[in-house]
Amino acid sequence: MKLQTGRLIGSLLLCTIPLAAEDFRHGQPAQAQRDAALYVPELTALAKPQSSELRELVERFVKDRDGLLQIYSVEGSALQVKRLREFYQAWQVRLDALPYEPLGAEGRIDWHLMRLNLRYELGLLDRMEQKGAEMKPFLGFAETIAGLQEKRRDFARVDPKAAAAELASIRTGIEAAKKSLEGDGAKPGKIAALRAANRMDELGKALKNWFDFYNGYDPEFGWWTREPYKKATAALEDYAKFLREKIVGVKSGEDEPIVGDPIGAEGLKLDLEREMIPYTPDELIAVAQKELAWCQAEWKKVAQAMGKGDDWKAALEQVKANYVAPGEQPALIAGMAYEAVDFLLKRDVLTIPPHAIDDWTMTMMSPERQKVNPFFLGGDRIIVSFPTDTMDHADKLDSLRANNRHFCRAVVHHELIPGHHLQGWYIDRFNPHRQLYYTPFWMEGWALWWEFHLWDLGFVQTPADRAGALFWRTHRAARIIFSLNFHLGKWTPQECIDFLVDTVGHDRHTATGEVRRSFNGDYSPLYQVGYMMGAIQLRTLYADLVKNGQMKEKAFHDNILKGGIMPIEMVRAHVTGAKLPRDYRSSWKFAGEKP
């Protein structure tokens, strides 16, 4: 009780004694006070070609693919899959015929990345077809809906009477599918049922787009189709609700259960190939376990420094209880952001343009979004997670604990500078065509590499701040273990939650939010793996080039940012200027031959 009182007094002192402006901004001027001329770069360097010979080729692919998806817009329809497969295969033929030897180092990187991307997209189409086949027994009406929209997009004149009959057949098909599932016959699993329910949401949007196009413009169309359309859409909504409630197990007023959609060993093999990771899932889990062991050893040191003996969870509890009063979180976050900038500028370890320092903004996260993201997010802006006055008392306390001072200090530089905000600033200005090759191993790996590096540089000083940083580092290692075990079919979502609580020290609500975010959201299967594995790749590359004296640290970091987003093995080729042979295959054992 005495300890809690002292903490409360400390929070009140922070609230009542505002920091001086120069302390708050750590030497950085307010945006309006900075000389605007500092926002303008040296133009001589920008007047020279910066990108590879294949930049326009990549940009053309993106525009043509996006145009094709506008034509064939019904996600997962047989026609969309067919046309995309033909498109990707035609690109493969043309790319293979492109003269390779005249290409420079950067052109060769783009050639290999495009070839890798095409193989991956074709593999995803196979995966989509497989999932479609699993849903077909209770989603047989989907192609009828897709056909209506695709005929409209082909500018075929609609026959109102025939359209009404198709709408009636859609409703009949839905009712028949629902009736069969209500009986004693075989039922889909929760994963397939949730996938189908989500698909029906998309089909409903497609059907509405089709109906709205003709309704009101063709009087006869409305006369024939208005009532059949209403009944078909009502049947769609009712069926989606039925699947969610009766098969998936969604209960009214409660959060959606964590179901996920594990892709299995073969699916992981495809995704790992796309990320240029020459390890099996089990080997990556072994790497993560080594990192976890390092974290656990450091936790003992921190707990001892905080007077908790070897009880790292007691040290973590003390850290979670140290949060600011309502209304003070934005100032805390901003001060931490400028503190990291000041630390890095003094050491001159990478280029941070004044424009990038000034052009980020801040918003507050909604209570609903905090259920999926208990901690704050970032990028072009930082989205601060902190309790609002509408939240339940228990939820407020949960949010305060999750967004304590020391957790925040470790996350702010991950989200802003030198992390995601700085990455985004460079991505928009250097090799922007490589956004096609988006990968969490580069995006999240870079931000986590800086958590590693700032720890080594001495940015994390106090035992409590080290505890905050260790919480996240332990969490990143645990993410690899639980997400791969889930996708291999070895762990359930509940086992993943329990693992985060027991091994990382999560509160149960934050563990649930993290697992829900990983499996019920739209994150790729390897997204959670990409954080630490990408950071380990960059750590190895740093050791090979900077520690060995082959490259200055600032040049190393600037080169990575200017090269654009891509798998780290291709970052390695970019930074070293390697001219890859045509038959190059991923082979970089960044974690050792036998991790």
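Colleague: Start with Lys131. What is its relative accessible area, and is it buried, exposed or partly exposed?

Modeller: This is a predicted model, so keep that in mind throughout. Lys131 has a relative accessible area of 23%, so it counts as partly exposed; the limit for buried is under 20%.

Colleague: Which residue does Lys131 form a salt bridge with?

Modeller: With Asp261; the closest N and O atoms are 3.4 Å apart. Lys131 is in helix H6, while Asp261 is in the loop between helix H10 (219-248) and helix H11 (264-274). The two residues are 130 apart, so the pair links distant parts of the chain. Both also belong to a network of salt bridges with Glu134 and Arg195.

Colleague: How many salt bridges are there in the whole structure?

Modeller: A search finds 38. Another one joins Arg401 and Glu317, at 3.0 Å from N to O. Arg401 is in helix H17 (residues 393-402) and Glu317 is in helix H13 (residues 312-320), so this pair ties together parts 84 residues apart in sequence. Glu317 is partly exposed, at 37% relative accessible area.

Colleague: And Arg476, which residue is its salt bridge with?

Modeller: Glu451, with the closest N and O atoms 3.1 Å apart. Arg476 sits in helix H21 and Glu451 in helix H20, so the parts being tied together are 25 residues apart in sequence. Arg476 counts as buried at 4% relative accessibility, and Glu451 is buried too, with 9%.

Colleague: Now Arg405. What is the nearest side chain of opposite charge, and how far away is it?

Modeller: Glu328, at 8.1 Å. Arg405 is buried but has no salt bridge. Its side chain does make a polar contact with the side chain of Asn322, at 2.9 Å. Arg405 lies in helix H18, which covers residues 405-415.

Colleague: Change of topic. How many aromatic pairs does the structure hold?

Modeller: It holds 34. In one of them, the ring centres of Phe482 and Phe519 are 5.8 Å apart and the planes are at 85°, so the pair is edge-to-face. Phe482 is in helix H21 (residues 463-487) and Phe519 in helix H23 (residues 508-519), so the pair ties together parts 37 residues apart in sequence. Both Phe482 and Phe519 are buried.

Colleague: Which residues form an aromatic cluster?

Modeller: Trp210, Phe211, Phe213, Tyr214, Phe221 and Tyr229 form one.

Colleague: Which ring does the charged end of Arg409 sit over?

Modeller: The ring of Phe459, at 4.2 Å from its centre. Arg473 lies over the face of Trp294, 4.1 Å from the ring centre.

Colleague: Last topic. How many disulfides are there?

Modeller: The count is zero. Cys496, for instance, is in no disulfide, and the nearest cysteine sulfur, that of Cys295, is 18 Å away.

Colleague: Is Cys496 buried or exposed?

Modeller: Buried, with a relative accessible area of 0%. Cys408 also counts as buried, at 0% relative accessibility.

Note on methods:
Residues numbered from 1 in each chain as written. Predicted model: local features only at pLDDT ≥ 70, side-chain atom pairs only at ≥ 80, totals over all residues. Heavy atoms only, no water. Helix = DSSP H or I, 4+ residues; strand = E, 2+ residues; numbered from the N terminus. Buried < 20%, exposed > 50% of the residue type's maximum accessible area, 1.4 Å probe, protein only. Lys, Arg positive; Asp, Glu negative; His and termini not counted. Salt bridge = Lys/Arg side-chain N within 4 Å of Asp/Glu carboxyl O. Polar contact = N/O pair within 3.5 Å; in protein donor to acceptor, adjacent residues only side chain to side chain. Phe/Tyr/Trp six-rings, centres within 6.5 Å; stacked < 30°, edge-to-face > 60°. Lys NZ or Arg CZ within 6 Å of the ring centre and 35° of its normal. Disulfide = S-S within 2.5 Å.
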